[in-house]
Each structure stands twice: as structure tokens, then as C-alpha cells.
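Please read this briefing alongside the sequence and the model, which are shown next. The points that follow are grouped by topic.

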Amino acid sequence: MRMTCMTALALCAASPAYAATHEVAAGDGAAERLQEALIMSEPGDEVVLGPGRFELEDGLSLDVDGVTVRGAGMNATVLDFTGQKGAGEGLLVTSDNVTLRDFAIENPQGDGIKSKDADGIVYQRVRVTWTDGPKSTNGAYGIYPVESTGVLIEGCEVSGASDAGIYVGQSEKITVRNSIARENVAGIEIENSRDAIVERNLATGNTGGILVFDLPNLPKMGGGNVVVRENLVSSNTTANFAPKGNIVGGVPRGTGIMVMANEKVWVANNMIADNPTAGIVVVTYTKPFDDPRYNPYPRDVVIGPNLAHGNGKDPDLPGIAPVVQAFGGKLPTLLWDGLTQDANTPALYAAAGTPGWSLNLTKQGQSVADANPGPLNVPSADNPVDMGDIGAPASLEARLAT
């Protein structure tokens, strides 16, 4: 009989039915009460933030699997880090199967929310804002999952990041959907990651709207299998305000969608408008590198049909002025540097009728000043692309609240 009771108690402790709710209200001592709730929570628990403004001087951390942190809404519950001491992130998550929902973070000194090695994470209706607008002293990343498998970002909003508003790095099985990125250097960035879907987002007022990059000298290499579809990428006109030396400091103002050194990226059914440099840019990584794992070339990038207008009227590319003048005063929708890995690996396919140019560069690292531009001549993108099973797992979709 004693063994039966002990077994029952153990089962009760492990069951989500006995999960606890930790309610934290704004006001005096909220910072200590909130961090204590995050530390004391058990798998399956909820940390519920009340409405109001939480004044925080130190970053928060969560290292318990299966915890949900939810507020009263992204405009109702605000974690205010304006007075934060140090340069750390607002919230650091290092555990699996965490759900973050319905709250905002304002003015963190470092990143907004960083989740590292945190598999199965859901960000839903989370806002990260630097309230003074674009500044190089703002934190680098707003929503920042890295080194994770299973990432779902739904209905979020980020503005003012001095690197990327929504950045997913070195991760797999990713969906970024129905979110807004505005007035960041990069609106949405998928970097050194695989099996990602970026869909139905608004990227506006950034330096560059949506970037799909692969970079050398990072723990995880070989980004690819990325779908960018049904997004509105418009008026990304903010001058680049990245701190000096930052890699995104090279992103030209007015870039709609940029693909660099990645494979199997499919860009289609987007509305791309009024981006001064170009609607879509496909390029090779230009800087020297010594990482033998790194491939600097784009491979099998597919530009399907997109709705584009008003792009390329004021390109932010040194040495491009004579080229623009030669082609009637604006760049076409699609701009490719013309470089390929080899003759058997096409860099680029494009839907019939896509207005585009190749700069016809001849080697990695050349500048635009060495361009010999001409009409785009690449294989057709008529055939569907099989990228296998991509996007966030269904188990994460099931955790979304209505």
C-alpha cells in the first residue's frame, strides 16, 4: 500500500494536471518576484504577468523546461528595461519547450529575448521595442532564437534593433509568420539555418527587409531549405545604423529581400514595393574567409512570381550610378552578382518575365565597380521545388493560443 501511494505521488508530480500558476503583478518588488517565479517554476507551470509596467534593472533568465510565460497582451504587459544595468539581454531562455506569449519588452541594453539551445520554443504576440527609434546604441537583436531545433514565431513585432529585429540563427525547423519588423537594420534574418518558412510578415522601414544569409566561422554551417512567401516587403528606407564592424553594416539601405551564400531558397508570391536599392538581391559573400566548411556562393535559389513595383530608384551601392543611368534610371526587381559555385550548380532560377540584371562579376570578392551588367539569363523557375519537411513542427503549432 505504501508503494502504491508513493507511485501515485510521483505520477501526480510529473503530470501537467498538477502544474502550478505563478501570478506576478506589476508594482513594488516586481523584478524580484518575477525572477523568483521563473526560478521556482516546474515543468508545465505558467508564469502569468499582470497588466502594467514592470521596471527592471537586471536581465531575467529562465532555465526550466516546459514553462509558459504569458502576459495580458503585448501592449498591456510591458517589461521595461530602460534602467537596465549592464549590457545583457532582457530575457534569456536556455530550456526546451518554452512558450512566451502576450507581453512586451522595451529598451533592453542588449538583445530583447535570446533563447539559446532552447528546442521547441514558441514566441506568440511578443513585442520588443526600442522606443527612441533606430540608434546604433540599441541592442542587436529583438527576438533572437539561436542553436535550436523547432522555432515558431507568430504575431510578434520588433522595432529599433541595431542588427536584426527577428533573427533566427544556427537553427532548424523554423516558422516566422504574421509578424511585423520595422525600423531595424535587418527586419527578419534567417542565418546559418535550415528548413525555414518566412510567410505573411510585414517588413517595412528597415535598412533591409528580409535577409537569408550564410556566414563563415560560426558553429553551425550550411544554411538552406528556406521559403520566403506571401510577405509584404515595403519601403525599407532607413539608413544603415548598425554599429561599426557589424556584418549587417554592409546591407544597402533600401534592400527588399537579400539572399547571400545559401542553398535552396524559394522566394515567391511576395509583394515587394518601394525599396530604393532593389526588390530582390542574390549575391555571393564578398569578404575573405578561411573557414574550409564555408561555401560563399548562392546555390539553387529560386525567384518565383512576385508582385513588385517602385523598387531600385535610388540604389545605395557605391559605383552603381553609371550602371543605373545606362539602364534607364532604376534597377530592375532582381539583381544578381552573376557568380556561381561551378558550371553544374546554378546559382539562380527565375520565373519567366522577372525583370532582372546580372552584374556579371567574375570572382568572389569583387566590388560593384568591376561590374559588367547585362540582362538576366538564368534557368526558368517553372518547376516546383522539393524542400522536404520544412517549418516548425506541428507540436509547436498546437501550443498557439487563439
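The protein contains 4 helices and 32 strands, where helices (H or I, at least four residues) and strands (E, at least two) are DSSP runs numbered from the N terminus. Its radius of gyration, taken over C-alpha atoms, is 22 Å, close to the 21 Å that the globule rule (2.2 Å times the number of residues to the power 0.38) gives for 402 residues, so the protein is as compact as a globular protein of that length. This is a predicted model, in which local features need pLDDT of at least 70 and side-chain atom pairs count only at pLDDT 80 or more, while totals for chains, interfaces and linings use all residues. Residues are numbered from 1 along each chain as its sequence is written, and side-chain values use heavy atoms, with hydrogens and water left out.

**Overall dimensions and burial**
- Taken along the principal axes, the C-alpha atoms of the protein fill a box of roughly 85 × 45 × 40 Å.
- Of the 402 residues, 55% count as buried, which is defined as under 20% relative accessible area with a 1.4 Å probe and protein chains only, whereas exposed is over 50% and partly exposed lies in between.

**Strand 18 and its partners**
- Strand 18 (residues 194–199) is mostly covered, with 5 of its 6 residues buried.
- Strand 15 (residues 172–177) runs parallel to strand 18 and is joined to it by 5 bridges, with valine 198 in strand 18 as the bridge partner of valine 176.
- Strand 18 is also joined by 5 bridges to strand 21 (residues 224–229), again running parallel, and valine 198 stands opposite valine 228 in strand 21.

**Helix 2**
- In helix 2, the buried residues are Ala30, Leu34, Gln35, Ala37 and Leu38.
- These residues cover an arc of only 155 degrees around the axis (from the directions between the helix axis and the C-beta atoms), which puts them on the same side of helix 2.
- The face turned away from the buried side of helix 2 carries the exposed residues Glu32, Ile39 and Met40.

Notes:
Pairing = 2+ DSSP bridges.
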